[in-house]
Amino acid sequence: MTRIVGEEQYEPEVRRRSVRNVPFFIRDDLIDIITDHGDEGLLQDSEIMGLIVGKVYKDDDGEYAVATGIISSELDADDVSVRFDQNDMTQLIDEIDNLKEGDRIVGWYHSHLGCGCFMSDTDIKTQNGLFGGRIGFAMVIDPVLRQLKVFDSTMDDPQPIQIIVME
Ligand SMILES: [Zn+2]
């Protein structure tokens, strides 16, 4: 899979996070966009996916990410798999090119239809392709079971992590 996050060096801004030891912060309106996307997919019996834009900061405990937006694109999906449509990446590439100063891709999300939120072998490969061990989060939602979990890219065997959802 195409590596979307560039190889460029970046220096995270130093800023103490509001809650210690939680590596991922996201506003509830962004969660709503993701779960609405999941519901739209479910109506078509289809998984969905997208990328989570945000800023990376660091404090004494290490790096953490604050989500600021969501981007998606045409999808090539069915009820057990999803990927960006390789023939129509224009929207996605445009949106990545037009990210605001300091913003980068901090995660991705996708849905599972009724089998719960976990990282499949394919999901782990996608995650490694996107982030290669750098900070980046995988949000998995299940619109059938109404579940949401977030996994950390830096783990070999991804386990759900705590996140902070901000109003
Ligand atoms: Zn999956």
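1. R17 counts as buried because 20 C-beta neighbours lie inside 10 Å; a residue is buried with 20 or more other C-beta atoms within 10 Å of its own, exposed with 12 or fewer, and partly exposed in between, C-beta atoms being placed from the backbone. R17 sits in the loop between β1 (13–14) and β2 (24–27); strands are DSSP runs of E of at least two residues, helices runs of H or I of at least four, numbered from the N terminus. Beyond its neighbours within four places in sequence, R17 is in contact with V22, Y57, D59 and Y64, contact being C-beta atoms, placed from the backbone, within 7 Å.

2. The model is predicted: local features need pLDDT of at least 70 and side-chain atom pairs count only at pLDDT 80 or more, whereas totals for chains, interfaces and linings use all residues. Residues are numbered from 1 along each chain as its sequence is written.

3. In helix α1 (residues 28–43), L30, I34, H37, G38 and G41 are buried. They lie on the same side of α1 because they cover an arc of only 100° around the axis, taken from the directions from the helix axis to the C-beta atoms. D28, D29, D32, D36 and L43, on the other side, are exposed. The cover over the buried residues includes β2, β3 (49–59), β4 (62–71), β7 (104–111) and β8.

4. Strands β8 (residues 137–142) and β9 (residues 147–152) run antiparallel and are joined by six bridges; pairing requires at least two bridges found by DSSP. D142 stands opposite Q147. Between these strands lie four residues, and R146 takes a positive phi near 55° in this hairpin.

Note on methods
Two residues are in contact if their C-beta atoms, placed from the backbone, lie within 7 Å.
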